[in-house]
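Colleague: I would like to learn how to read a model like this one. Can we take it feature by feature?

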Amino acid sequence: MSEYERSRTMPALPEHVFDQASIVGQLGSWLPQGLHVEAEELPAVTVHEDRTGEDEAGLFRARRDQMRLEWGTRDDGSYAGWLQVSGIDSGVSEVTVHLSFFDEQHDPGADTVNDELDRSLERLDELVRLRVDGGSG
């Protein structure tokens, strides 16, 4: 099993960050490039990966009362992850993303995963700033 975790501070209230991160139809705007999530009957989702051209049955849960997102593979349990939003100061949040690969064959390696997590958090930060600065967050 391999586990990875990255964090980033964002200049927005935790509720604003969570609200932007948890919109299923918008996940592709901050997830790693080439991943597309389509909601079925939640928590069921389908994740399409451009690199392989394959669809994977997944689960996605948004727990607003905990400011937490949880996801993973639905059928084989080879992968899971979570995102946690925490308020750390007035108007500032910390976002932590954690990934677990239970099947080593699905683990792309530390450098790749950490780079993708950093880029995803950067894109989420940009998305949150657009919504908050634009007044619609």
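Colleague: Does F101 count as buried or exposed?

Modeller: Buried means under 20% relative accessible area, exposed over 50%, and partly exposed in between, with a 1.4 Å probe and protein chains only. F101 has 6% relative accessibility, so F101 counts as buried. Keep in mind that this is a predicted model, in which local features need pLDDT of at least 70 and side-chain atom pairs count only at pLDDT 80 or more, while totals for chains, interfaces and linings use all residues. Residues are numbered from 1 along each chain as its sequence is written, and side-chain values use heavy atoms, with hydrogens and water left out.

Colleague: How many aromatic pairs does the structure hold?

Modeller: Rings of Phe, Tyr and Trp (its six-membered ring) pair if their centres lie within 6.5 Å; planes under 30 degrees apart count as stacked, over 60 as edge-to-face and the rest as tilted. There are two aromatic pairs here. In one of them, Y4 and F101 have ring centres 6.0 Å apart and planes at 75°, so this pair is edge-to-face. Y4 belongs to strand 1 (residues 2–10) and F101 to strand 7 (residues 92–101), so the pair links distant parts of the chain, 97 residues apart. Strands are DSSP runs (E, at least two residues), as are helices (H or I, at least four), and both are numbered from the N terminus. Y4 is buried as well, at 10% relative accessibility.

Colleague: What is the geometry of the rings of Y79 and F101?

Modeller: Their centres are 5.2 Å apart and their planes stand at 50°, so the pair is tilted. Y79 lies in strand 6 (residues 79–89) and F101 in strand 7, so parts 22 residues apart in sequence are tied together. Y79 is partly exposed, with a relative accessible area of 24%.

Colleague: Which residue lies over the face of W82?

Modeller: A charge sits over a ring if NZ of Lys or CZ of Arg is within 6 Å of the ring centre and within 35 degrees of the ring normal. For W82 the residue is R68, at 4.5 Å from the ring centre.

Colleague: In what order do the strands form the sheet?

Modeller: Strands of a sheet pair through backbone hydrogen bonds, in a parallel or an antiparallel way. Two strands count as paired if DSSP finds at least two bridges between them. Here seven strands form an open sheet in the order 1-7-6-5-4-3-2, with antiparallel pairing. Strand 1 and strand 2 (35–39) stand at the edges with a single partner strand each, so one side of each has no neighbour in the sheet. Strand 5 (residues 68–73) and strand 6 pair over five bridges, and the bridge partner of G72 in strand 6 is A80.

Colleague: Which strands does helix 2 lie across?

Modeller: Contact means heavy atoms within 4.5 Å. Axes are lines fitted to C-alpha atoms, for helices over the stretch in contact, and angles run from 0 to 180 degrees between N-to-C directions. Helix 2 (residues 110–133) lies across strand 1, strand 6 and strand 7, at about 25° to strand 1. Helix 1 (residues 14–21) runs at about 155° to strand 6.

Colleague: Which residues does T73 touch?

Modeller: Not counting residues up to four places away in sequence, T73 touches E56, A57, G58, S78 and Y79. T73 is in strand 5 and is buried, with a relative accessible area of 14%.
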